[in-house]
Amino acid sequence: MSGAGTFLGMPAFPHNAAAAVQDSQLRFNLRKATHTIRGKRAAVVGELPDWAELRRAGKEIKDHTLRHLDRYLLQLEEAVTAAGGHVHWASDAKEANRIVADLVKATGETSVVKVKSMATQEIGLNEALQEEGITAYETDLAELIVQLGDDWPSHILVPAIHRNRAEIREIFQEKMAEWGRAAPEELTDEPRALAEAARLHLRERFLSTKVAVSGANFMIAETGTLVVLESEGNGRMCLTLPETLISVVGVEKLLPTWRDLEVFLQLLPRSSTGERMNPYTSTWTGATEGQEFHLVLLDNGRTDVLADEVGRQALRCIRCSACLNVCPVYERAGGHAYGSVYPGPIGAILTPQLRGTASAIDASLPYASSLCGACFEACPVAIDIPEVLVHLRGKVRHARAERLGMRAAGWIFDRPSRLARVQRLGGRLRRFVPGRLPGPLSAWTDTREIPDIPAESFRDWWNRTDGGAR
Amino acid sequence: MRVALFITCVNDTLFPGTGQAVVTLLRRLGCDVEFPQAQTCCGQMHVNTGYPEEGRRLAGHFVDVFAGYDAVVAPSGSCAAMVREQYPRLARTTPARTAAPAGLLTGGSAPATAERDDSFARRVAETVPKVHDLSEFLVDVLGVTDVGAYFPHRVTYHPTCHSLRGLHLGDRPTRLLREVRGLELVPLPGAEECCGFGGTFAVKNPAVSAAMCADKVHNVASTGAEVLCAADNSCLMHIGGTLRRQRTGVRIMHLAEILASTEAAR
């Protein structure tokens, strides 16, 4: 894979998005997929009379856990250890990758199967393992498509959302043989045929691999249990067949008690796939007989996010991707434009907090939104994404020209007399305003006419006519 | 009722006709309207672009100007939402060291700022509940949906994002439009999708903004409406600019202008 999970050194969002907007195939694929999931989600959310209460419960359980994260993490560690598992603490990506690579090497194996996991993508685990001579095989269908296509994931839940079935057929035919069992010669682009080709290819892999790497959707502090929700059954295969299981999980994925899971098993499937319940829910606690279990608890910037009073709500995220599916910007720009494993509205607030805003892409992400608010409305744990976007915009470094422009505008708005003078000047010069504006303002006139500038402002009209009385 | 008009800087400067329509309409409904001359801008552009200090100062100015009125009416869902949603947030997050901010460029040119900003949070709490979008004021405060308007045209309504999700205006604007004599209201496909304006978003992300607007314009054209109506002139400016560039012939009109039209005025 070509650096998936790292995405670093990407140009800023507007540049990436402008290229994506030109790709009509991509826009068609995205529109069709997001609108389909959007409709399904709305239907299953609408049938729950207590959705608002569930959403509030989800928010409050997460907020409570985050407030006492230190305490619950120690409780989790104790419970996992008591159940025969091993807990490792990783402060950043490098440390986490090191831990996993060493654990794999200790088994003497050179390949691992993987359950789809955002955390391992975030730290670039596959690439790090490759440098150590270990091959990581993705087993989620969409992740397999991305891996075979030497591509980047572009959606949290449906990483290959940007591909249609004709493209997938081509990828399977060209690349499957390099990675294991080849695709059948007469492969059609029927979904059933594509799924069957992937199933046969993966079956061989599951039965021959002794180490698995997973993430988790939730961790239960009181019992030390990890939980994975999935659709295909590949996750269950990875979690049960191998002799060694290594789970890499962000510290924010914690829930205090088993009972709390009830709320999230309702919120997550409905928000993500638009289903009442996902087909497979697997839970595991510590090590089972004949299996070794390691849990790598990943910080990688999360405690810094926790320190920000406004920004910390991003850690409530349960990675359902409802915000992506309703976002008009994501729909046009596609997931790759965000330059992060977390695309869409949640990526626009999570990534710059986890990575900082030093790079061009990270500084542009808080602006990758029209602040329309559809994401906040759809979020099952009520993350006020527009609020965090505005908050982050206040923290990034602004271009000098913009700073001067904003200061000038602020100076004019500081005194009504100044505003009135500028309005009168505009009214007098209105015939000289060109149809195409220069500089950064040309972005406006490339596709839009500027409005006619009136001869008289409301203010002057009010004063001349005494509020219309004369 | 002593009603202060918050005309907003965009309407004041670029769309004075909307302000005039608000005056005509509210007078017709028996309101005693005033235009506080000291008003300028609510600070939305500054706050949303990442300049919270400037925004906080403009917010301070706003609450000074409007604190004494029974009701404040704004013909803009976006600016009303700014005041209602973001002002309490700005008051809550006012850092102690900037409790008395200096002038923007001049360093302390604004007199009595220290005194004013001490009471910022209190004035926000007092003023914010009195700020209404026009349709909210008509339906909730005055209790009218039939404002005696006449407008014999085919109209489609775009519920701008901040009207929809910031203020939760719901069906208030369309209830008002349905009572207008002669008006045929046609539904807009994909009405709840953002038009792509988003303030400085339209300039910072022009490609995505234009793509969003192209879809909106396509939907507007598909209705066969002569007029596109909304409660926000900035979104209308964006959509209208594209409608004109594409020579669709569809006109844009603010809700206030339609509600102010009468048979007698023709």
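**View 1. The parallel pair β5 and β6 in chain B.** T156(B) has V186(B) as its bridge partner in β6(B), a pairing seen here in a predicted model. Strand β5, residues 154-157 of chain B, is joined to β6(B) by three bridges, and the two strands run parallel.

**View 2. Helices α2 and α8 of chain B.** Helix α2 (residues 16-28) and helix α8 (residues 134-141) of chain B pack with their axes 12 Å apart and at an angle of about 5°. Angles under 35 degrees count as roughly parallel, and α2(B) is therefore roughly parallel to α8(B). On the side of α2(B), the residues that meet the other helix are V22(B), L25(B) and L26(B), and their counterparts in α8(B) are L134(B), F137(B) and L138(B). Sorted by class, the contact of α2(B) with α8(B) comprises six nonpolar residues, with no polar and no charged ones.

**View 3. The two domains of chain B and the annotated stretches.** Chain B is divided into domain 1, residues 2-136, and domain 2, residues 145-265. The C-alpha centres of domain 1 of chain B and domain 2 of chain B are 24 Å apart, and the contact draws 26 residues from domain 1 of chain B and 24 residues from domain 2 of chain B. An unreviewed UniProt entry places the feature "domain: Cysteine-rich" at residues 3-83 and 155-239 of chain B. Residues 3-83 of chain B are 58% helix and 12% strand, with their end C-alpha atoms 17 Å apart. For residues 155-239 of chain B the content is 48% helix and 12% strand, and the end C-alpha atoms lie 15 Å apart.

**View 4. The six-stranded sheet of chain A.** In chain A, six strands in the order β1-β10-β7-β4-β2-β3 form an open sheet with parallel pairing. Here β1 (86-90) and β3 (135-138) of chain A stand at the edges, each with a single partner strand, so one side of each has no neighbour in the sheet. From one strand to the next, the twist averages 25°. Strand β2 of chain A, residues 111-114, pairs with β3(A) in the parallel sense over four bridges, and V113(A) stands opposite Y137(A) in β3(A). Helix α5 of chain A, residues 93-107, packs on the sheet, where it touches β1, β2, β4 (211-214), β7 (244-250) and β10 (292-298) of chain A, and its direction makes about 145° with that of β1(A).

**View 5. The LUD annotation and the domains of chain A.** In an unreviewed entry, UniProt lists residues 75-289 of chain A under "domain: LUD". That span of chain A is 44% helix and 19% strand, and its end C-alpha atoms lie 23 Å apart. The domain assignment of chain A gives domain 1 as residues 48-300 and domain 2 as residues 400-468, and the C-alpha centres of domain 1 of chain A and domain 2 of chain A are separated by 54 Å.

View 6. The UniProt annotation "domain: Lactate utilization protein B C-terminal", from an unreviewed entry, covers residues 396-464 of chain A. Over residues 396-464 of chain A, the chain is 57% helix and 0% strand, with the end C-alpha atoms 44 Å apart. The axes of helix α20 (residues 400-414) and helix α21 (residues 416-428) of chain A come within 5 Å and cross at roughly 110°, and α20(A) and α21(A) are therefore roughly perpendicular to each other. The contact is formed by W411(A), I412(A), F413(A) and D414(A) of α20(A), together with P416(A), R418(A), L419(A) and V422(A) of α21(A). By class, the contact of α20(A) with α21(A) holds six nonpolar, no polar and two charged residues.

Methods: Residues are numbered from 1 along each chain as its sequence is written. Chains are lettered from A and ligands numbered from 1 in the order in which they are written. This is a predicted model: local features need pLDDT of at least 70, side-chain atom pairs count only at pLDDT 80 or more; totals for chains, interfaces and linings use all residues. Side-chain values use heavy atoms; hydrogens and water are left out. Axes are lines fitted to C-alpha atoms, for helices over the stretch in contact, and angles run from 0 to 180 degrees between N-to-C directions. Angles under 35 degrees count as roughly parallel, over 145 as roughly antiparallel, 65 to 115 as roughly perpendicular and the rest as oblique. Contact means heavy atoms within 4.5 Å. Ala, Val, Leu, Ile, Met, Phe, Trp, Tyr, Cys and Pro count as nonpolar, Asp, Glu, Lys and Arg as charged, and the others, Gly among them, as polar. Domain bounds come from an automatic or database domain assignment. UniProt positions are given in the numbering used here, feature names are shortened, and annotations may be inferred rather than shown by experiment. Two strands pair if DSSP finds at least two bridges between them.
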